[in-house]
Amino acid sequence: MIVAIDGPSGTGKSSTSKAVAAQLGLSYLDTGAQYRAITWWMLSNGVDVADQEAIAAAADKPSIVSGTDPRQPAISADGLDASGPIRTQEVTAAVSAVSAVPEVRARITELQRMIAAEAGGGIVVEGRDIGTTVLPGADLKVFLTASPEARAARRSGELKTTAGRPVTDLAATQQALTARDKADSSRKTSPLKKADDAVEVDTTELTLEQVIECVVTLVEKAAARKAEAEPVEEAAR
Ligand SMILES: Nc1ncnc2c1ncn2[C@@H]1O[C@H](COP(=O)(O)OP(=O)(O)OP(=O)(O)O)[C@@H](O)[C@H]1O
Ligand SMILES: Nc1ccn([C@@H]2O[C@H](COP(=O)(O)O)[C@@H](O)[C@H]2O)c(=O)n1
């Protein structure tokens, strides 16, 4: 069972995906964390993230390793735990530029497809382009949305400055969120976009628990449809 959950920042993809995967005994992959980790590696290793050619030249250098346990998702770059540094404002401000470079997308997409293929019991993969590009044959595609105001309110205070202090300026958070949405959805390679066959869930007025319950139901229905279809395929062989 392959579940793709896409959507802009702050819609609840990570929180929902982890809870759904844990509840249904599926693996989990945070693709945003992978792009954040390679961005953090670039910043830490002196790559000019304003220079697309420099980013492309370094795209294959770091080893990016993701853990797929929804209860304890891990992410490392060249063996260093990246789970803290990737959530800073510095990485958040640079990740869209790094993620727009085709060589970075090609490399990380290959990694994502390999992880999904190896997840024998099924996996929930969350990001921006999972249903459209990375796993277009997913058994279920969900596209989460929410108003910019709701997303900024949720995100505000979660972001940390490089010195580790919470960022609480709501207006600045919403501005940064909107700018990142624009960058992610206007890039040429694999932009943020709802897949035609994705189920859209507007989470603006929903609690996180309600979103989780909604997506669990969608997964269970998709699994039932898949099970019904399989015997026919067997007989047809
Ligand atoms: N429906 C909701 N109602 C209230 N709070 C929510 C809801 N969904 C998520 N949150 C909270 O909003 C914050 C952001 O959620 P989350 O990180 O899951 O979003 P996201 O879409 O994965 O964002 P990003 O793409 O930036 O990682 C978290 O603190 C989460 O607990
Ligand atoms: N499949 C994806 C996932 C993420 N990105 C880029 O990473 C940024 C951070 O993602 P978060 O989910 O951690 O907010 C995101 O803004 C994109 O630039 C991507 O390109 N493809």
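How far does a polar side-chain atom of Arg-187 lie from an oxygen atom of ligand 2? The separation is 2.9 Å. This is a polar contact, a pair of N or O atoms within 3.5 Å; within protein, one atom must be able to donate a hydrogen and the other to accept it, and residues adjacent in sequence count only if both atoms are side-chain atoms.

The model is predicted: local features need pLDDT of at least 70, side-chain atom pairs count only at pLDDT 80 or more, and totals for chains, interfaces and linings use all residues. Residues are numbered from 1 along each chain as its sequence is written, chains are lettered from A and ligands numbered from 1 in the order in which they are written, and side-chain values use heavy atoms, with hydrogens and water left out.

An N or O atom in the side chain of Arg-105 is 2.7 Å from an oxygen atom of the ligand. For the side chain of Asp-184, the distance is also 2.7 Å. On its own, ligand 2 has 460 Å² of accessible area, of which the protein covers 97%. Accessible areas come from the Shrake-Rupley method with a 1.4 Å probe; for residues, only the protein chains shown count as cover.

The shell around ligand 2 holds 16 residues, each with a heavy atom within 4 Å of the molecule. The closest are Arg-36, Arg-105, Arg-180, Asp-184 and Arg-187. Two or more residues come from each of α2, α4 and α8. Helix α2 gives the most, with 4 residues. Helices (H or I, at least four residues) and strands (E, at least two) are DSSP runs, numbered from the N terminus. By class, the shell has 3 nonpolar, 5 polar and 8 charged residues. Ala, Val, Leu, Ile, Met, Phe, Trp, Tyr, Cys and Pro count as nonpolar, Asp, Glu, Lys and Arg as charged, and the others, Gly among them, as polar.

Ligand 1 is surrounded by 18 residues. Ser-9, Lys-13, Ser-14, Ser-15 and Arg-155 are the closest. The side chains of Ser-9 and Lys-13 each place an N or O atom 2.6 Å from an oxygen atom of ligand 1. Gly-12 contributes a backbone N or O atom at 3.0 Å from a ligand oxygen. The protein covers 80% of the 630 Å² of accessible area that ligand 1 has on its own. Helices α1, α7 and α9 each give two or more residues to this shell. The most come from α1, with 3 residues. The shell comprises 4 nonpolar, 8 polar and 6 charged residues.

Ligand 1 sits in the largest pocket. A molecule sits in a pocket if more than half of its atoms lie within 2 Å of its grid points. A pocket is an open set of points on a 1 Å grid over the protein atoms alone, where a 1.4 Å probe fits, with protein on both sides within 12 Å along at least five of seven lines; lining residues have an atom within 4 Å of a point. The largest pocket holds about 950 Å³ of space. Its lining numbers 45 residues, with Ser-14, Asp-30, Arg-87, Glu-126 and Arg-155 closest to the centre. The lining has 12 nonpolar, 18 polar and 15 charged residues.

Definitions and conventions. Points joined across faces, edges and corners; volume = space filled by probe spheres on them.
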